[in-house]
Amino acid sequence: MAVLRRRARRGQGDAVLDDPLDAAQERRVRAVLALGGVPQADLPDGVQQVRLRLLERTASGRQAPRDVSAWAAVVASNLAMDWHRARRRQDRLGERLAALRQTEHPSGEDTSVLSLAVAQGLDELPDAQRQVVVLRFYADLPVRGIAEELGIPEGTVKSRLHTAVRALRARLHEDEVV
């Protein structure tokens with residue numbers, strides 16, 4: 001962080017810039033995010049994203065924006081749009097999962113124990129791994145479809161699946177379920 005601050009100071013004389021956004025600019029960013037529909041709880045993260053992008057821009061050697069306030073407002077607006085896109089994508093995935101839910105499940109004590117162990121194993125996985133496992137094995141989506149829906153490369157989906165399945169397998173063997 002200190003390196004970014006030093007680079008941000010370059011060309012600013014002896015003034016020390018601890019925060020690339022002043023109070024008025026931060027209020028404007030918060031207002032743009034809020035008016036863009038970002039929930040109140042997510043506003044601090046949005047402001048931090050704007051700060052980070054400004055610092056990254058300066059650290060990469062590009063010239064600071066002429067009007068930081070206007071630039072920050074545009075970035076905040078784009079962040080609000082990204083937030084809505086991600087929310088819609090999650091909603092669509094949830095709808096697809098609900099539509100694919102099967103009403104009939106095999107019964108039996110062995111199946112119940114296995115189901116419980118798998119559910120506990122899924123709970124212990126990182127979010128990204130759990131997401132691809134659920135989409136691949138419960139929603140029966142192909143790797144390509146998962147990659148398209150999540151906006152990530154197919155190789156990333158495969159890697160997450162491999163790591164998650166290995167962890168689940170180890171968990172089931174550890175619990176002596178399988």
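1. The side chains of Arg130 and Asp127 form a salt bridge, with N and O 3.0 Å apart (a salt bridge is a side-chain nitrogen of Lys or Arg within 4 Å of a carboxyl oxygen of Asp or Glu). Both residues belong to helix H6 (residues 127–138), 3 residues apart, about one turn of the helix. Asp127 is exposed at 57% relative accessible area, whereas Arg130 is partly exposed at 25% (buried means under 20% relative accessible area, exposed over 50%, partly exposed in between; 1.4 Å probe, protein chains only).

2. The model is predicted: local features need pLDDT of at least 70, side-chain atom pairs count only at pLDDT 80 or more, and totals for chains, interfaces and linings use all residues. Residues are numbered from 1 along each chain as its sequence is written, and side-chain values use heavy atoms, leaving out hydrogens and water.

3. The whole structure contains 6 salt bridges. One of them joins Glu124 and Arg171 at 2.2 Å, N to O. Glu124 lies in helix H5 (residues 109–124) and Arg171 in helix H8 (residues 154–174), so the pair ties together parts 47 residues apart in sequence (helices are DSSP runs of H or I, at least four residues, numbered from the N terminus). Glu124 is exposed at 55%; Arg171 is buried at 15%.

4. Arg51 lies in helix H3 and is buried, at 13% relative accessibility. A network of salt bridges links Arg51 with Glu26 and Arg30. Beyond four places in sequence, Arg51 touches Asp19, Pro20, Leu21 and Glu26 (contact means heavy atoms within 4.5 Å).

Definitions and conventions: Helix = DSSP H or I, 4+ residues; strand = E, 2+ residues; numbered from the N terminus.
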